[in-house]
Amino acid sequence: NIRYEKVQKLRIKLPHSSDIAKTWRIKTVWFKLTFFALLFFFANEGFSLGPWWHKPGQFNVADFGNALLWIFVLFSPALARKRKEVFNPISALVIFYILFATFQIILAKFNYGQSLFDGLIGIRHQFYYLSFFAFLLLFDRVETIEKLLNLLVIMGIILVLLGVINYFGPKILYHRLVFAEKIRSGITRAYIPGMAIVTLAALWSFIEWIHGKKITLTLSATIFLLAGHLLRQSRMRFVGLISVMALNLTFKKRWKPLLLLLLLSVGSFYLLEVKMQERIITNIFSTAYTDVVKKKGTMKPRLDQMRIDFDEFKKHPLFGSGLAAIRWTTEGGGSRLQILMKDLSYRSDLGYTHWIKFYGITGLIWLFLFFFFQGYYGLKVLRNTSGTAKLLAVFSTSYLLFVVVSFFTLNHLMFPWGITTVCLNAAIIVKLYWMLYRPETTEL
């Protein structure tokens, strides 16, 4: 008996298998969230937190995001071994796009004499489409998606705070727009980094609020993030977001929140008018009238660029001419070819017309299918789920609608900041669809 007692004392109590699984799951979730946070940090140019993030013609912190994704690609076969949801139409479209964007390097060499190396530099950020597979493979359950979106809300709030500090206090952000913003609607536009994250976070907070989740926190976050949009004064981003929000409230017949949203908006404008002693509400309509009807402000250069886009599309209607791979000029200038092609290869301020200029009819078909399959999967999930999955489905379809509407002037699909959010949304839709219809294929 004495010997038996000694043996019992020496025994090490092993943890239960369920405890081990729970601990491992927590660790892997934190690893995934860290990976995603770094990816968004790099894709949004390090949030402009210092002059180090971009050295024209030498270094761009967004390239670290590319490296991170290629490292993930090396390990992805181990993750994808039992994950049949990888085999879906959107995955095929993403792979096709990456190959098609790479093909533009050859077209740029043939049509404009640009070197293959410069062509690779020119299209390198299109490899951010690999983030679709990163999101899809690392989303093992609905809770992981929800945690990532909540993390993005926190990041969005921090980004708005950084913009506010930079606007009213010392200059802590390093970007050309910090020192080049103009007055719009009676106030000087503020530079807020990572606006794609701020928009996505605002929409997610709003969706949580109208569905009754953590009402106090989500309502406060929604108001604060919307205030960030007002300070930034990006009209298409703000109008697209407000339109999607109003549409959600109308479908749910939530008249009180809709009225509250209107009252808060009017109240915010009124406080700004008192503070700035400017007629901001009137100025919004007057500046819009000036820009659109009189073709001044930001509208005139956009109309000029549209003409260039359509003329180029007529010359190369099938696949484009390789302009998507032309290396862009930097603040310090560029090669003779880069300077000559600056207007032709311009890719900011417009979406649809730039897209057909760069990729022709082939790109237009790809764009239709990319949006169509997301919408089809999203509506399927929307009609057949409940709980958190339903919440995510409402968010994903709403964000897809925002992208479709705002793509007229916001080029979400050619810059890392937009590609990552669009791919995140597409991955959420695909994951929810496969969890609904093929639940046995979604486990790690």
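In this predicted model, helix α8 passes helix α16 in a right-handed crossing. A crossing is right-handed if the near helix is turned clockwise from the far one by less than a right angle, and left-handed if anticlockwise. Helix α8 spans residues 195-210 and helix α16 spans residues 387-406. Their axes come within 10 Å and cross at roughly 140 degrees. The two helices are therefore oblique to each other. Angles under 35 degrees count as roughly parallel, over 145 as roughly antiparallel, 65 to 115 as roughly perpendicular, and the rest as oblique. Axes are lines fitted to C-alpha atoms, for helices over the stretch in contact, and angles run from 0 to 180 degrees between N-to-C directions.

From α8, the contact is made by Ala196, Thr199, Leu200, Leu203, Trp204, Ile207 and Glu208. From α16, Leu391, Leu392, Val394, Phe395, Ser398, Tyr399 and Phe402 take part. Contact means heavy atoms within 4.5 Å. By class, the residues divide into 11 nonpolar, 2 polar and 1 charged. Ala, Val, Leu, Ile, Met, Phe, Trp, Tyr, Cys and Pro count as nonpolar, Asp, Glu, Lys and Arg as charged, and the others, Gly among them, as polar. An α-helix has 3.6 residues a turn, so residues three or four places apart point the same way.

Helix α16 also meets helix α7 (residues 142-168), with axes that come within 10 Å and cross at roughly 50 degrees. This pair is therefore oblique as well. The crossing of α7 and α16 is left-handed. Val142, Ile145, Glu146 and Leu149 of α7 make the contact with Thr388, Ala389, Leu392 and Phe395 of α16. The classes here are 6 nonpolar, 1 polar and 1 charged. Leu392 and Phe395 of α16 are listed in the contact with α8 and in the contact with α7.

Val153 lies in α7. Its relative accessibility is 10%, so Val153 counts as buried. Buried means under 20% relative accessible area, exposed over 50%, and partly exposed in between (1.4 Å probe, protein chains only). Leaving out residues up to four places away in sequence, Val153 touches Ala201, Trp204, Ser205 and Ala221. The C-alpha atoms of Val153 and Thr222 are separated by 9.3 Å, although the two residues are 69 apart along the chain.

Phe64 sits in helix α3 (residues 62-80). With a relative accessible area of 42%, Phe64 is partly exposed. Beyond residues up to four places away in sequence, Phe64 touches Phe42 and Phe59. Its C-alpha atom is separated by 8.6 Å from that of Ala43, 21 residues apart along the chain.

In helix α5 (residues 116-123), the buried residues are Gly119, Ile121, Gly122 and Ile123. Their cover includes α4 (89-112).

Overall, the protein chain has 17 helices and 4 strands. Helices (H or I, at least four residues) and strands (E, at least two) are DSSP runs, numbered from the N terminus. Buried residues make up 48% of the 444 residues. Among contacts with a separation of 6 or more, 77% join residues 24 or more positions apart. The accessible surface comes to about 22600 Å², of which 68% belongs to carbon and sulfur atoms. Areas come from the Shrake-Rupley method with a 1.4 Å probe; for residues, only the protein chains shown count as cover.

Residues are numbered from 1 along each chain as its sequence is written, and side-chain values use heavy atoms, with hydrogens and water left out. As the model is predicted, local features need pLDDT of at least 70 and side-chain atom pairs count only at pLDDT 80 or more, while totals for chains, interfaces and linings use all residues.
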